[in-house]
Amino acid sequence: MNMSTENIDTRAADTEWHYRQDSESRIFYRIFFRMCRKYNVSYASATPEQKYFVEEVARLEYERDRAKRLGLPLSSIRPAFEAGPDDDCYHPSNHT
């Protein structure tokens, strides 16, 4: 296998980015990408409605997971699709 220096540099940068992420972000993105696969959504080419759907499902799954890990009541989780598609409340940085 003959990898170019550019490919090696890109992989190194990707690896460095991955390990700089905090654990909550890693958990969120693992759930997010799992939801993209589950619902067959290619985020880069998705419609705004598809993006909103997968973002909201991922947010809900992330918040449920986080509540269970921290022993918080599930009733503290905002119901799915309550906020509009322009809200940025699903991202883990808003929950730390």
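This is a guided tour of one predicted model, stop by stop, with what to select at each.

Residue numbers start from 1 along each chain as its sequence is written. In this predicted model, local features need pLDDT of at least 70 and side-chain atom pairs count only at pLDDT 80 or more, while totals for chains, interfaces and linings use all residues, and side-chain values use heavy atoms, with hydrogens and water left out.

**Whole chain**

Show the chain as a cartoon. It has 3 helices and 0 strands, in the order α-α-α along the sequence. Helices (H or I, at least four residues) and strands (E, at least two) are DSSP runs, numbered from the N terminus. Of the 96 residues, 30% count as buried. Buried means under 20% relative accessible area, exposed means over 50%, and partly exposed lies in between (1.4 Å probe, protein chains only). The accessible areas themselves come from the Shrake-Rupley method with a 1.4 Å probe, and for residues only the protein chains shown count as cover.

Side chains of opposite charge can pair when their charged atoms come close. A salt bridge here is a side-chain nitrogen of Lys or Arg within 4 Å of a carboxyl oxygen of Asp or Glu. The whole structure holds 7 of these salt bridges.

Select Glu56, Arg59 and Glu63. Helix H3 covers residues 48-70, and Glu56 and Arg59 sit in it 3 residues apart, about one turn of the helix. Their side chains form a salt bridge, 2.7 Å from N to O. Arg59 also has a salt bridge with Glu63, where the closest N and O atoms are 3.1 Å apart. Glu63 and Arg59 are 4 residues apart in helix H3, again about one turn. Are these side chains buried or exposed? Glu56 counts as buried because its relative accessibility is 4%. Arg59 is buried too, at 0% relative accessible area, and Glu63 is likewise buried.

Next, select Asp65 and Arg69. These two form a salt bridge, with the closest N and O atoms 2.7 Å apart. Arg69 and Asp65 are 4 residues apart in helix H3, so about one helical turn separates them. Arg69 is partly exposed at 38% relative accessible area, and Asp65 is partly exposed at 27%.

**Aromatic rings**

Which residues make up the cluster of ring pairs? Select Phe28, Tyr29, Phe32, Phe33, Tyr43 and Tyr62, which ring pairs link into a cluster. Rings of Phe, Tyr and Trp (its six-membered ring) pair if their centres lie within 6.5 Å; planes under 30 degrees apart count as stacked, over 60 as edge-to-face and the rest as tilted. By this rule there are 8 aromatic pairs. Phe28 and Tyr62 are both buried.

Now look at Phe32 and Phe33. Their ring centres are 5.3 Å apart and their planes are at 70 degrees, so this pair is edge-to-face as well. Phe32 is buried, with 7% relative accessible area, whereas Phe33 is partly exposed at 46%.

**Surface patches**

Switch to a surface view. Patches are made of residues with over 30% relative accessible area and no salt bridge; like charges are joined within 9 Å and nonpolar side chains (Val, Leu, Ile, Met, Phe, Trp, Tyr) within 5 Å. Lys and Arg count as positive and Asp and Glu as negative, with His and the chain ends not counted. The place of a charge is taken as NZ of Lys, CZ of Arg, CG of Asp or CD of Glu.

Select Arg26, Arg30, Arg34, Arg37 and Lys38, which gather in a patch of positive charge on the surface. Arg34 belongs to helix H2, residues 23-38, and is partly exposed at 39% relative accessible area.

Then select Tyr39, Phe53 and Phe81, a nonpolar surface patch with about 260 Å² of accessible area together. Phe53 lies in helix H3 and is partly exposed, at 31% relative accessible area.

**Last stop: Asn40**

Asn40 is in the loop between H2 and H3. Its phi is near 55 degrees, a positive value in a residue other than glycine. Asn40 is exposed, with a relative accessible area of 71%.
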